[in-house]
Amino acid sequence: MTGIEGVVPKYLQIAAHLRELIERGELAAGAEVPSERELAARWKVARPTAAKALNTLRQQGIVRSRRGSGTYVAEQSALLRESAPRYESSSPGDYSVRVLRAEVVEGPREVTDALGLPASSAVVVRKLLSEEHSGGARLITCWYPSEFASAATLLLEPEPVPGDVSRYPEAVLGRGVAIVRESVGARLATEDERRHLGLAPPAAVLVVHRIGLDAHGGALEYRESVHPPGRSTLHREYFTSSAANFRR
C-alpha cells in the first residue's frame with residue numbers, strides 16, 4: 001500500500017469510494033447506498049468501521065438515513081463545478097500538473113480571512129500549473145491552515161499529490177468538505193500569470209475563488225483558479241425541484 005492509502009484510515013477510504021460513486025452518478029440522488037453489513041463484508045472490516053464511513057458522509061451532507069429503511073444519497077440543491085476539479089491526479093490523462101510552489105508563508109489578508117485565521121497567520125500554499133495536452137493551461141493556488149502541514153506532509157512536497165489535492169487533507173485529517181462557497185470574477189492577468197499561461201499583455205482572465213468548509217463551518221481550503229480567456233470553465237447542475245432555491 002503506497003501514497004495516501006498507506007496513511008488513510010479504512011473508514012475514510014470507504015467513504016471516499018462511496019463519494020466517488022455518487023459524484024460519477026453511479027449512485028444517483030435518492031438511491032440507496034450499501035448498508036453497514038454490506039460494506040463490512042465487501043471491505044472486510046468490522047461493522048463499526050463501516051458505520052463510521054457512512055456517518056462521515058452524513059456529516060458532509062452527502063447521504064441521509066431514514067429510520068427503519070436505510071441510507072440514501074441526499075439531493076443537492078445546486079452544484080457548481082469547475083470543468084477539471086482534479087488538479088493533481090497521478091493518472092492525468094489529458095492534462096499534466098507542475099508544482100510551482102509548496103511552502104509555509106505568511107498568509108495574505110484575503111487568504112487568512114477566507115480561512116478564518118487571524119491576520120498574518122502562517123498558511124501552507126501550493127501553486128500549480130495545470131496544462132492540457134491540447135494546449136490550454138490554468139493556474140491553481142491552494143492555501144491551507146499551517147497546522148495541516150504536520151499531518152498532511154505531502155502538501156509541502158514539490159511533486160503532485162496522488163489523486164485530488166483537495167481530498168488529501170480531508171482524508172488525512174478526517175474532516176470532509178461539507179459546504180463549498182465559490183465566486184467568479186474577471187480581471188487583468190498579472191505578469192506572472194501571463195508568463196505561465198502564455199498570454200500577451202494586456203490580457204483578461206477568469207478567476208474562481210473557492211472555500212471548502214467542514215460540517216461545523218471550519219475552513220479546510222481556500223483556492224484560486226485562474227483561467228485564460230476563451231475556454232469553457234464552469235458547469236452548473238441542479239435538480240429542477242430545487243431551482244427556486246438555487247436562484248435565491
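Which residues are buried in α1?

Author: A word on the source before the details: this is a predicted model.

In α1, the buried residues are Y11, L12, Q13, I14, A15, L18, R19, L21 and I22. The helix itself covers residues 10-23. It has 14 residues, which should span 20 Å at 1.5 Å a residue. The end C-alpha atoms of α1 are 20 Å apart, so the span agrees with that expectation.

What do those buried residues pack against? Their partners are α2, α3, β1 (63-66), β2 (70-73) and α5 (167-173). Just after α1 comes G25, with a positive phi of about 90°.

Now take α3, one of the partners of α1. It runs over residues 47-59. Its 13 residues reach 18 Å from the first C-alpha to the last. That is close to the 18 Å expected at 1.5 Å a residue. The buried residues of α3 are A50, A51, A53, L54, T56 and L57. Their cover includes α1, α2, β1 and β2. Just after α3, G61 takes a positive phi of about 75°.

Next, the pairing of α2 with α3. The two helices pack at an angle of about 115°. Their axes are 8 Å apart. The crossing of α2 past α3 is right-handed. On the α2 side, the contact is made by E36, R37, L39 and A40. On the α3 side, R47, A50, A51 and L54 make it. By type, the residues of this contact divide into five nonpolar, no polar and three charged.

The side chains of E36 and R47 meet in a salt bridge, at 3.6 Å from N to O. E36 lies in α2 (residues 36-43) and R47 lies in α3, so the pair ties together parts that are 11 residues apart in sequence. How exposed are the two partners? E36 has 26% relative accessibility, so it counts as partly exposed. R47 has 39%, so it also counts as partly exposed. Buried would require under 20%.

That bridge belongs to a wider set. The structure holds eight salt bridges. Two others follow here.

One joins E103 and R101, with the closest N and O atoms 2.6 Å apart. E103 sits in strand β4 (residues 95-106). Its relative accessible area is 34%, so E103 is partly exposed. R101 counts as partly exposed as well, at 35% relative accessibility. Which residues does E103 touch, leaving aside those up to four places away in sequence? They are V123, V124, V125 and L156. W143 lies 40 residues from E103 along the chain. The C-alpha atoms of E103 and W143 are separated by 9.9 Å.

Another salt bridge links R195 with D192. Here the closest N and O atoms are 2.7 Å apart. Both residues lie in helix α6 (residues 191-197). They are three residues apart, about one turn of the helix. Salt bridges that share partners join K127, D192 and R195 into one network. Is R195 buried or exposed? At 58% relative accessibility, R195 counts as exposed. The cut-off for that class is over 50%. D192 is partly exposed, with a relative accessible area of 24%.

Last, the setting as a whole. The secondary structure comes to seven helices and 10 strands. The protein has 248 residues, and buried residues make up 43% of them. Consider contacts between residues at least 6 apart in sequence. Of these, 61% join residues at least 24 apart.

Back to the starting point.

Terms used. Residues are numbered from 1 along each chain as its sequence is written. This is a predicted model: local features need pLDDT of at least 70, side-chain atom pairs count only at pLDDT 80 or more; totals for chains, interfaces and linings use all residues. Side-chain values use heavy atoms; hydrogens and water are left out. A salt bridge is a side-chain nitrogen of Lys or Arg within 4 Å of a carboxyl oxygen of Asp or Glu. Helices (H or I, at least four residues) and strands (E, at least two) are DSSP runs, numbered from the N terminus. Buried means under 20% relative accessible area, exposed over 50%, partly exposed in between (1.4 Å probe, protein chains only). The expected span of a helix is 1.5 Å times one less than its number of residues. Contact means heavy atoms within 4.5 Å. Axes are lines fitted to C-alpha atoms, for helices over the stretch in contact, and angles run from 0 to 180 degrees between N-to-C directions. A crossing is left-handed if the near helix is turned anticlockwise from the far one by less than a right angle, and right-handed if clockwise. Ala, Val, Leu, Ile, Met, Phe, Trp, Tyr, Cys and Pro count as nonpolar, Asp, Glu, Lys and Arg as charged, and the others, Gly among them, as polar.
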